[in-house]
Amino acid sequence: KIDVYSFGNVIYSLLTGKEPWYAEGLDYEDLKDASFEIGLVPFVSAEIRGQSYANSVLSSIMDKCYEYYAERRIDIFTIVSLLNDAIAMNDKFEAIKVTKFEVQKTFADYKNETITDASESGDEDETNF
């Protein structure tokens, strides 16, 4: 399971573009060793975690890789399964994406139908948009 902890470091680098335990002006090894002794893990901001579906999934997996107690740490087979599930879900998201033009057209169609319905019923002042 120690390799899974290291995989968390790989995910951290993918998300942040930095090495885990990077801090300006501090010794990498000293910072890493001290943090590990007290159970601290590299920090990924909420902004990065929430940038995309992929980032949120990778962050969640990273957190599970960093479990302090090795016996409670996620195993690599579960990681592979979670990544496969995320790929399938992302494909579903991609399939339902709409363009800005499609949203504007749908709104315009809705607006025109509502105006037509209101004018036919005589309730022109109660048009819903």
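## Overall picture

The protein chain exposes about 9,400 Å², and carbon and sulfur atoms supply 56% of it (Shrake-Rupley accessible areas with a 1.4 Å probe; for residues, only the protein chains shown count as cover). This is a predicted model, in which local features need pLDDT of at least 70 and side-chain atom pairs count only at pLDDT 80 or more, while totals for chains, interfaces and linings use all residues. Residues are numbered from 1 along each chain as its sequence is written, and side-chain values use heavy atoms, with hydrogens and water left out.

On the secondary structure side, the protein chain has six helices and zero strands, so read from the N terminus it goes α-α-α-α-α-α (DSSP runs numbered from the N terminus: helices are H or I with at least four residues, strands are E with at least two). Of the 129 residues in the protein chain, 19% are buried (buried is under 20% relative accessible area, exposed is over 50%, partly exposed is in between, with a 1.4 Å probe and protein chains only). Take the contacts in the protein chain with a separation of 6 or more: 53% of them come from residues 24 or more positions apart (contact means heavy atoms within 4.5 Å).

## The cavity

Rolling a probe the size of a water molecule over the atoms shows where empty space is left. Here the count is one cavity of 30 Å³ or more, and the largest cavity holds about 30 Å³ of space. For the record, a cavity is a set of points on a 1 Å grid over the protein atoms alone where a 1.4 Å probe fits but cannot get out, and lining residues have an atom within 4 Å of a point. Grid points are joined across faces, edges and corners, and the volume is the space filled by probe spheres set on the points.

Which residues line the largest cavity? They are Y5, F36, G39, L40, V41, Y66 and Y68. By class, that lining has six nonpolar, one polar and no charged residues (Ala, Val, Leu, Ile, Met, Phe, Trp, Tyr, Cys and Pro count as nonpolar; Asp, Glu, Lys and Arg as charged; the others, Gly among them, as polar).

## Around the lining

F36 lies in helix α2 and is partly exposed, because its relative accessibility is 35%. Leaving aside neighbours within four places in sequence, F36 touches Y5 and Y68. F36 and Y68 are 32 residues apart in sequence, and their C-alpha atoms are 8.3 Å apart.

L40 sits in the loop between α2 (28-38) and α3 (46-49). L40 counts as partly exposed because its relative accessible area is 47%. From L40 to Y68, 28 residues along the chain, the C-alpha separation is 8.5 Å. With neighbours within four places set aside, L40 is in contact with W21 and S35.

Y69 belongs to the loop between α4 and α5 (76-96), and its 41% relative accessibility makes Y69 partly exposed.

## A buried serine

Is S59 buried or exposed? S59 is buried, because its relative accessibility is 2%. This residue is in helix α4 (residues 53-65). A polar atom of the S59 side chain lies 2.8 Å from the backbone oxygen of N55. Beyond neighbours within four places in sequence, S59 contacts L15, V44 and R49.

Key
1 Å grid on protein atoms, 1.4 Å probe; cavity = no way out; pocket = protein on both sides within 12 Å on 5 of 7 lines; lining within 4 Å. Polar contact = N/O pair within 3.5 Å; in protein donor to acceptor, adjacent residues only side chain to side chain.
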